[in-house]
Amino acid sequence: MKLLPVSLAAAALLAAVTATVAAQTAAAPSPAQIVKARQASLMMSAITFASLKQGAEGDVSKLGFPAKALASWAAVLPTLFPAGTGPGQAGDTEAKAEIWTNRAGFEARAADYGSATAKLADLAKAGDSAGFTAQLAVVKKACDSCHADFKTH
């Protein structure tokens, strides 16, 4: 369970940095800043998922906060890909152009991921270890499915 404090610390750090930047600039973030924030949030989601997977070996009811945090992030995931932040528009990105040319498909995959993570959070809250462990595989599959179509590797 060593990764859990790291993911929480990373989330707190991002929140502090985001608040500081927001306080210092009245303007909306630039497309390049949005891409950087998107990339950071995706890395933090990977850290959070890894900590949840590691934590599944113990009392999953203690994983409610990070599971809910992942589900909350998943619910807003499509908003991290606004127009103007695609390939060749705002710096280096692994996002494929299909995110914007097949928006309905992208949002459907993101909704699948959101549903999978929401169920994971519910299972953590219920303390259902077997269900939680099985749902981790569903979350991973939803994540990988979206990446297969909408992320370069």
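1. In this predicted model, residues 24 or more positions apart account for 73% of the contacts in the protein that have a separation of 6 or more.

2. The secondary structure comprises six helices and zero strands, so that the order of elements, read from the N terminus, is α-α-α-α-α-α. Of the 153 residues, 32% count as buried, while the protein exposes about 8,500 Å², of which carbon and sulfur atoms supply 64%.

3. Two packed helices are described by the angle between their axes and the distance between the axes. For helix H2 (residues 31-55) and helix H3 (residues 64-76), the axes come within 10 Å and cross at roughly 145 degrees, and the crossing of H2 and H3 is left-handed.

4. On the H2 side, the residues that meet H3 are Ser41, Leu42, Ser45, Thr48, Phe49 and Leu52, and their partners in H3 are Pro66, Ala67, Leu70 and Trp73. Sorted by class, this contact of H2 with H3 has seven nonpolar residues, three polar ones and no charged ones.

5. Leaving aside residues up to four places away in sequence, serine 41 touches Trp73 and Leu80. Serine 41 and leucine 80 lie 39 residues apart in sequence, with 9.2 Å between their C-alpha atoms, whereas Trp73 belongs to the H3 residues listed in the contact with H2.

Technical notes: Residues numbered from 1 in each chain as written. Predicted model: local features only at pLDDT ≥ 70, side-chain atom pairs only at ≥ 80, totals over all residues. Heavy atoms only, no water. Axes fitted to C-alpha atoms, helices over the stretch in contact; angles between N-to-C directions. Helix = DSSP H or I, 4+ residues; strand = E, 2+ residues; numbered from the N terminus. Left-handed = near helix turned anticlockwise from the far one by under 90°. Contact = heavy atoms within 4.5 Å. Nonpolar A, V, L, I, M, F, W, Y, C, P; charged D, E, K, R; others polar. Buried < 20%, exposed > 50% of the residue type's maximum accessible area, 1.4 Å probe, protein only. Areas by Shrake-Rupley, 256 points an atom, 1.4 Å probe, with all protein chains shown as cover.
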